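Dear colleague,

Please find below the structure that I am handing over to you. My findings follow it.

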Amino acid sequence: MQIFRSFIFLIVYAITAILFSVIGVLIWPLPFKQRYWVVSRWAVMNIWLLKVICGLRLEVEGRENIPKEPCVILCKHQSAWETLALQAVFPPQVWVLKRELLWIPFFGWGLASLRPIAIDRNAGRQALHQVIEQGKERLQSGAMV
């Protein structure tokens, strides 16, 4: 039964990823915070679908310790789970990610609408400088990094 529920979730996940990616591209002219709110509904919806379909739930302890002002959030990326959970928990944010993700049809285009810091992981020190420069810019614009 678990495999069947996981398969159902995977199908819905893929369909909604394409749908929300297209929406992300279409709403590109909107201000960042409005775009982020719309596109992050996909993550919130998937957290809910994981609960309903697969029986998984998100529980956040210490939410009161999350700063209201823009800051840098560090996490050890180990699965797709935290990319969904971070969007559901934290206010508008941008991510540091490998630039190749932006090349994925639909998904990458929608992701690009959220102003990520897309680095070339082979660029070494240059990528680090890019993270610092663009990170400062994103923090000043009111987004968490």
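Is Arg115 buried, partly exposed or exposed, judged by its relative accessible area? The model is a predicted one, and in it Arg115 has a relative accessible area of 24%. Buried would require a value under 20% and exposed one over 50%, so Arg115 is partly exposed. This arginine lies in the loop that links α4 to β2 (117–119). Its backbone also deserves attention: Arg115 is not a glycine, yet its phi is positive, at about 55°. Most residues other than glycine have a negative phi.

Phe106 is a further case of a positive phi in a residue other than glycine, with a value near 70°. The loop between β1 (96–98) and α4 (107–112) holds Phe106. Its relative accessibility is 35%, so Phe106 likewise counts as partly exposed.

I also examined the packing of two helices. Helix α2 (residues 32–54) and helix α3 (residues 80–89) have axes that come within 8 Å and cross at roughly 120°. The crossing of α2 and α3 is left-handed. On the α2 side, the contact is made by Tyr36, Val39, Ser40, Trp42, Ala43, Val44, Asn46, Ile47 and Leu50. From α3, Trp81, Leu84, Ala85, Gln87 and Ala88 take part. Of the residues in this contact, 11 are nonpolar and 3 are polar, while no charged residue is present.

With kind regards

Terms used. Residues are numbered from 1 along each chain as its sequence is written. This is a predicted model: local features need pLDDT of at least 70, side-chain atom pairs count only at pLDDT 80 or more; totals for chains, interfaces and linings use all residues. Side-chain values use heavy atoms; hydrogens and water are left out. Axes are lines fitted to C-alpha atoms, for helices over the stretch in contact, and angles run from 0 to 180 degrees between N-to-C directions. Helices (H or I, at least four residues) and strands (E, at least two) are DSSP runs, numbered from the N terminus. A crossing is left-handed if the near helix is turned anticlockwise from the far one by less than a right angle, and right-handed if clockwise. Contact means heavy atoms within 4.5 Å. Ala, Val, Leu, Ile, Met, Phe, Trp, Tyr, Cys and Pro count as nonpolar, Asp, Glu, Lys and Arg as charged, and the others, Gly among them, as polar. Buried means under 20% relative accessible area, exposed over 50%, partly exposed in between (1.4 Å probe, protein chains only).
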